[in-house]
Amino acid sequence: MILLSIESSCDETSASVLNDFLPLSNIISSQLIHKEFGGIIPELASRDQLRKIDIVVEEALKSSGTTIKDIKYIAATQGPGLIGSLLVGYNFARSFAVAKQIPFIPINHIESHIYSSFIGRKEISFPFLSLVVSGGHTILFLVKDYFEHKILGTTLDDAAGEAFDKVAKLLGFAYPGGPVIDKMASEGNENYHRFPVSNIDDNPFDFSFSGVKTSVLYYLKKNSIDPQILIKQKNKLLNDICASFQKAVVDSLVRKTMSAANKFGVKQISISGGVSMNSKLRYEFIKFENEGFKIYFPKYEHTTDNAAMVGYTAYLKINSAKAFESDKSLFSPAFPRFDYDS
Ligand code: KG4
Ligand code: ZN
């Protein structure tokens, strides 16, 4: 049963072809244009996606060795995300469903990140904790069954990836900042300086990362550090600042997630979203396997936004009676005037 999926919730344009839970292709076209602005410009993102969407879909079909005729289902990210960007992929997929008279499966972007650690598996074992850490979200879920989850905590201000991006900008690096900080940190001393991360009194599982970003800014000002000069000098101080900042963010993510795991007695933990690419985050979580926890990460190509996770989540929906009960429109035609059943 071949399924085509599309993801365009932020600045990526991605299409994937899957055969029964397994991606045959996963084409991701990222945009370089935002680098010079230090963040995503929504209007530029959606215009670029409009130009690329059919090329990316064609490429996904070609590299999977399938043709349009083979596609029996189509899925696309419905939200949350940038509205202009979402509309490109969503409308493309719905129009495709109408033209081919095949079922269209709308997918929640955060849910697709939750399940991205399990891509390829027909069955998932529950319960598990899911930490979704991306540029737009930092959410800790208790996942009890397919599409049955409870939010335990969320960020009250910046998302973890957003903090990486903003600190990278302060230090003079291009967007996205996470990968650069990760690389710089690998050659730095993480105990060089303690950047404080706020603790939330009301809910111990909520996060806050805007304070740590501000403390990096104050640290640079107080010590009259000009990152541009450090970059030119290839000064190791910059590596130390990156490593210390990264440690502050990672420690907060790990500490809160593990304290939730202990409180709820959950032994399986999944960490996904763009920030789950981070090497220190992976290292620190994986250590808990020695204490009887099972830690899941997505493959690298499934961490940042990609269509394979959208297609995989669509298969889980198709297989899950509960998901159908809760959304009877899934298999309805894109527009009612088309007689889908005939
Ligand atoms: O999941 P994603 O592609 O988009 C959203 O849904 O937001 O995540 C992008 C985020 C960016 O903030 C980027 O800086 C961060 O993931 N990121 C990283 C790393 N690679 C990507 N953050 C820390 N370390 C990394 N290696
Ligand atoms: Zn995402």
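## Basis of the model

Because the model is predicted, local features need pLDDT of at least 70 and side-chain atom pairs count only at pLDDT 80 or more, while totals for chains, interfaces and linings use all residues. Residues are numbered from 1 along each chain as its sequence is written, chains are lettered from A and ligands numbered from 1 in the order in which they are written, and side-chain values use heavy atoms, with hydrogens and water left out.

## The zinc site

The zinc ion (ligand 2) is held at 2.1 to 2.2 Å by His109 (NE2), His113 (NE2) and Asp305 (OD), donors being N, O and S atoms within 2.8 Å of the metal (3.2 Å for Na, K and Ca); water is not among the atoms, so sites may look incomplete. The spacing of these donor residues in sequence is H-x3-H-x191-D. His109 belongs to helix α3 (residues 109-115) and Asp305 to the loop between β10 (294-296) and α10 (307-319), so the pair ties together parts that are 196 residues apart in sequence. Helices (H or I, at least four residues) and strands (E, at least two) are DSSP runs, numbered from the N terminus.

Both His109, with a relative accessible area of 4%, and Asp305, with 12%, are buried (under 20% relative accessible area, with exposed over 50% and partly exposed in between; 1.4 Å probe, protein chains only).

## Aromatic and charge–ring contacts

The whole structure contains 16 aromatic pairs, counted for rings of Phe, Tyr and Trp (its six-membered ring) whose centres lie within 6.5 Å, with planes under 30 degrees apart taken as stacked, over 60 as edge-to-face and the rest as tilted. The ring centres of Phe21 and Tyr312 are 5.9 Å apart and their planes are at 70°, so this pair is edge-to-face. Phe21 lies in the loop between β2 (13-19) and β3 (22-29) and Tyr312 in helix α10, so the pair ties together parts 291 residues apart in sequence; both residues are buried.

Ring pairs also join Phe118, Phe126, Phe128, Tyr146 and Tyr296 into a cluster. The charged end of Lys267 sits over the ring of Phe293, 4.2 Å from its centre, where the criterion is NZ of Lys or CZ of Arg within 6 Å of the ring centre and within 35 degrees of the ring normal.

## The five-stranded sheet

An open sheet of five strands runs in the order β3-β2-β1-β4-β5 with mixed pairing, two strands being paired if DSSP finds at least two bridges between them. Its edge strands, β3 and β5 (104-108), each pair on one side only. β2 and β3 pair in the antiparallel sense over seven bridges.
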